[in-house]
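These are my notebook entries on one structure. I set down what I looked up, entry by entry.

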Amino acid sequence: IQARGRPENMRRSVRSLIDQAADPGRVECLFRFDDDDATLGENVAAVTEECHRRIVVGGERWGYVQMHRYYNQLAKLSHGAQILIWNDDTEMLTQGWDALLLAERNTLTVQMLRRDTVEHTDHTVCAIGRAFYEACGRLSEHALCDAWISTVASASGTAVERDDIVFTHHCLPAVDRNVHP
């Protein structure tokens, strides 16, 4: 989970994952915060409250145009069979989502979840299987991580559409990428 300056959003997002999980104690949450984030203390406190298994990483601010660096850094530290791309502006709606993801035994896949406002799979939130991640050696090579991952998965025939795992995406105000590089 990558977050900046929105501790309440992050807390709500993480709580949705934990509350909807079939086995919350097995959910590993990895967080990346920028050292210059004025709300860092609040964010770390929110992490401590919500997750039993967690890794919190701070570091240099890379900005939106290098979003893939955040995700690649966290993926390298992860341990699970599935790596869920998640942000502080999303909430999980499906009870038992973790068990559903783990039911896909082939970890050389990318499972694409469904946004609640569309009838079929939305490729903006996905779970990357451990073998897929290891084969690629990274989660993404581009700041538009979801687009890069879904393109590679679709081209390689490893994409799995999961209309049964549903999330909601809260539209946050647009980021001025010139002000927040």
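Entry one: contacts of His123. I looked up which residues His123 touches, contact meaning heavy atoms within 4.5 Å. With neighbours within four places in sequence left aside, His123 is in contact with Met112, Asp146, Ser150, Ser154 and Glu161. The C-alpha atoms of His123 and Glu161 are separated by 8.7 Å, although the two residues are 38 residues apart along the chain. I placed His123 in the loop between β5 (110-115) and β6 (126-129); helices (H or I, at least four residues) and strands (E, at least two) are DSSP runs, numbered from the N terminus. His123 counts as partly exposed because its relative accessibility is 26%; buried means under 20% relative accessible area, exposed over 50%, and partly exposed in between (1.4 Å probe, protein chains only).

Entry two: basis of the values. I note that the model is predicted, with local features needing pLDDT of at least 70 and side-chain atom pairs counted only at pLDDT 80 or more, while totals for chains, interfaces and linings use all residues. Residues are numbered from 1 along each chain as its sequence is written, and side-chain values use heavy atoms, with hydrogens and water left out.

I asked which residues of helix α2 (residues 40-50) are buried. They are Asn43, Ala46, Val47 and Glu50. Seen down the axis of α2, these buried residues fall within an arc of 100°, so they line one face of the helix; the arc is that of the directions from the helix axis to the C-beta atoms. The face turned away from the buried side of α2 carries the exposed residues Gly41 and Glu49. The cover over the buried residues of α2 includes α1 (7-20), β1 and β2 (53-59).

Entry four: nonpolar cores. I looked for nonpolar cores, sets of buried Ala, Val, Leu, Ile, Met, Phe, Trp, Tyr and Cys residues joined through side-chain atoms within 4.5 Å. The largest has 22 residues, and Phe31, Leu84, Trp97 and Leu113 have the most contacts inside it. At least two residues of this core come from each of α1, β1, α2, α4 and β7 (159-169). With four residues, α1 gives the most to this core. Apart from it lies another core of 18 residues, among them Trp62, Phe132, Ala143 and Ile149.
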